[in-house]
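Here is a short briefing to read alongside your structure. Take a look at the sequence and the 3D view first, and then we can walk through a few spots together.

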Amino acid sequence: MTINLLNYDSKGLVDFFTGFGEKPFRAKQLLRWIHQYSTADFNAMSDLAKGLREKLAVLAVIELPQIISADVATDGTRKWLLAVGAGNGIETVFIPEANRGTLCVSSQVGCALACTFCSTGRQGFNRNLTVAEIIGQLWIANKTLRSDVSDNTPLHSNRAVTNVVMMGMGEPLANFDNVITALDLMLDDHAYGLSRRRVTVSTSGLVPAIDRLRERCPVALAISLHAPNDALRDQLVPINKKYPIKELLAACQRYLLAAPRDFITFEYVMLEGVNDSVAHARELIELVQDTPCKFNLIPFNTFPGSGFKRSAAESVRIFRDVLMQAGLVTTVRKTRGDDIAAACGQLAGQVKDKTRRTAGVRIEAAQ
Ligand code: SAH
Ligand code: SF4
């Protein structure tokens, strides 16, 4: 099988080059070509000797996921649908803001953790993404953002990716090794050179993997909390039965010792009549009193058959105020990219439909 060099971080590339008698520094050259100059063509790599380029072309490829569609919303949010084989698609979303550009990256096709309010979870688990498929999302976004300078794109939509959040489809810590290698590339100065505080892993709470992340690559951490007690969290985030809140908060405390920021972000999806009362907010304050944290309230994004409703704007405001009055920094996530269905939790349903409707033929033809 031909080797896809997009699957390798610096260490992997050093092993690859030394494996056929080349110098280790070739790894750095190749990383820069691939990730900084967005080159997938060995021929264009002018500081590699011609003989080496020819050898690389025989031994290896640089293969990106195939783009099925790329949309730009009126607010500048962009969404790519990428083919990952067998008629499946994953999505990547770019959210431009005044002072940063955030890329929301997927880590799995589907998800096994089955949170009840999440359409990816409802889809079931298909497979882990490869490193090439994870880092390929950043590669594609960067290349597009650098090259698309057309005048009719909204303000800021062409700024480069400054932040990455692993908040697309899938549970990143359930695809640990591939996610770590992709994180290595995001942080590597010869690849994307992002600082650890600008890369966030979001997890539903796989406690042992949180500890491993701390040891291996402590980037910023977001925890999908969603409930102030185990009885409710067991229902919304079933993995809570295995790793209950007390253990999760203890893992957060350990993580903070190595984290690039001095707080953990708690995500909290606002579900009408389920977890959005003032009593829930008070219970939450009690729960996190010893954990340095910030809250990000996410208005629920509905999908067909979800069985949940988005909390009223007024309930979200009151909930936020109660947390703020207790001294907890709390933001409410803005819904972006409405016209291209790019919000959290909306990704999976659309993928399946779209894959079947508009891209099925092309995907099948490419296999
Ligand atoms: N699996 C990881 C990361 C991906 S989900 C995790 O669960 O943290 C990113 C965020 O979107 C999580 O906080 C998740 O709970 C939230 N989410 C999932 N479905 C949603 C929906 N329908 N509306 C709003 N947020 C949702
Ligand atoms: Fe998986 Fe995260 Fe969705 Fe839960 S919220 S099912 S962990 S992707």
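A pocket here is an open set of grid points, on a 1 Å grid over the protein atoms alone, with protein on both sides within 12 Å along at least five of seven lines; its lining residues have an atom within 4 Å of a point. Please keep in mind that this is a predicted model. With that settled, let's visit a pocket, a pair of helices and a ligand.

**The second largest pocket**
- The second largest pocket has a volume of about 400 Å³.
- Its lining is made up of 17 residues, and those nearest the centre are N4, N7, E63, T130 and A132.
- At least two lining residues come from β1 (3-4), and at least two come from α5.
- Sorted by class, this lining holds eight nonpolar, six polar and three charged residues.

**Helices α5 and α6**
- Two packed helices are described by the angle between their axes and the distance between the axes.
- For α5 (residues 131-147) and α6 (residues 176-187), the angle is about 35° and the axes are 8 Å apart.
- The two helices cross in a right-handed sense.
- On the α5 side, V131, I134, I135 and L138 make the contact, meeting N178, V179, T181, A182, L185 and M186 of α6.
- The residues of this contact comprise eight nonpolar and two polar ones, with no charged residue.

**Around ligand 2**
- Which residues surround ligand 2? They are C111, L113, A114, C115, C118, G121, G170, E171 and S204.
- By class, this shell has five nonpolar residues, three polar ones and one charged.

Key: Residues are numbered from 1 along each chain as its sequence is written. Chains are lettered from A and ligands numbered from 1 in the order in which they are written. This is a predicted model: local features need pLDDT of at least 70, side-chain atom pairs count only at pLDDT 80 or more; totals for chains, interfaces and linings use all residues. Side-chain values use heavy atoms; hydrogens and water are left out. A residue is near a molecule or strand if one of its heavy atoms lies within 4 Å of it. Ala, Val, Leu, Ile, Met, Phe, Trp, Tyr, Cys and Pro count as nonpolar, Asp, Glu, Lys and Arg as charged, and the others, Gly among them, as polar. Axes are lines fitted to C-alpha atoms, for helices over the stretch in contact, and angles run from 0 to 180 degrees between N-to-C directions. Helices (H or I, at least four residues) and strands (E, at least two) are DSSP runs, numbered from the N terminus. A crossing is left-handed if the near helix is turned anticlockwise from the far one by less than a right angle, and right-handed if clockwise. Contact means heavy atoms within 4.5 Å. On a 1 Å grid over the protein atoms alone, a cavity is a set of points where a 1.4 Å probe fits but cannot get out, and a pocket is an open set with protein on both sides within 12 Å along at least five of seven lines; lining residues have an atom within 4 Å of a point. Grid points are joined across faces, edges and corners, and a volume is the space filled by probe spheres set on the points.
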